[in-house]
Amino acid sequence: MKDKRTLLYTIENTTALTLAEWLDTHQFPRKTMKDLFAAKGVRLDGQLCTAKSELSEGMVLEMIPLKERIDHDPIETPLTIAYEDEDILVVDKPSGVTMNSKGQVSLANGVAHYFKIHKIYGKVRFLNRLDRDTSGLVVVAKHGLAQHFYQMQMDDNRLEKWYRATVRGQLAQPHEVLELPIRKSADGIHQEVHPEGVMTKTEYEVLHYDAMQDTTDVRIRLWTGKTHQIRVTMAHIGHPLVHDSLYADEEVLESKQSACGIDDAQCHKLQQEVTNTAKGQIEDIDKTFALRAYRLVCYHMRTGEQIIVEV
């Protein structure tokens, strides 16, 4: 029975004389292809071949991804599948679940169980990661070639990641693109904006301002992927995510006060909320911050057709 992940290509319109030249032209990863050749997973017109095999127009190239051992303990957990094809699985991760933390049941355990019962012989390869308290779309590659080609889409921004969030206060600009250098802080927990950090790019658009709650719903596109990028960026401009006690610190609140013109009494109230959150004294302590990865756009690695997944 043929592996459902098998990739088929017809050699057309190429000047490549050998298979190696064709693979390089189409940006196939050399290390992965070396492993496939060694495992006898590459054929031309049904015959085993090597990288040095000569090509001719109309030949059919067949690649069979390696069968691998699942690299996480398969544990049955509720799993919401938003999209699936031969190469990727898109899962709607709930809030409160980690990606692959040791000592607790994680999304990786649930995906491993799904792979096991559906006979998907691959490692669990996450193409994007979400914080424990962030919900939404996570892309899982079913094999190494899929990981490579969808990572290329992420690198050149063809793979789009969209979020919805609720932040404190009213933003001065209805739309803005923020480019900030971010790095891990000295405490090893926070990320921080710092001149020596990695440059990030975050775009937001205001959807709705709630005057009663003094919160704003925003749509966000991540152009880069840095840990806590959205949380750090929004806190840096004085609008931390609602219920995000990790980044709603006094410095942020002072920035918010000066940027939005709130009075001393309101500022004191916000500072007290943060202090109480740290001490575990307010009712909102168990609430997660309002951030959801709701939309994903990418291109099918076999057909080139656009894929839009939205939850």
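Modeller: Start with R164: its charged end sits over the ring of Y294, 4.6 Å from the ring centre.

Colleague: What makes a charge sit "over a ring"?

Modeller: NZ of Lys or CZ of Arg must be within 6 Å of the ring centre and within 35 degrees of the ring normal. R221 also lies over a ring face, that of W223, at 3.6 Å from the centre.

Colleague: What are the ground rules here?

Modeller: This is a predicted model; local features need pLDDT of at least 70, side-chain atom pairs count only at pLDDT 80 or more, and totals for chains, interfaces and linings use all residues. Residues are numbered from 1 along each chain as its sequence is written, and side-chain values use heavy atoms, without hydrogens and water.

Colleague: Why is the pair of Y9 and F28 called edge-to-face?

Modeller: Rings of Phe, Tyr and Trp (its six-membered ring) pair if their centres lie within 6.5 Å; planes under 30 degrees apart are stacked, over 60 edge-to-face, the rest tilted. Y9 and F28 are 5.7 Å centre to centre with 85 degrees between the planes, so the pair is edge-to-face.

Colleague: How do you know that Y9 and F28 are buried?

Modeller: Buried means under 20% relative accessible area (exposed is over 50%, partly exposed in between; 1.4 Å probe, protein chains only). Y9 has 17% and F28 has 6%, so both count as buried.

Colleague: What does F28 form with F149?

Modeller: Another edge-to-face pair, 5.0 Å centre to centre and 80 degrees between the planes. Y9, W22, F28 and F149 form one aromatic cluster.
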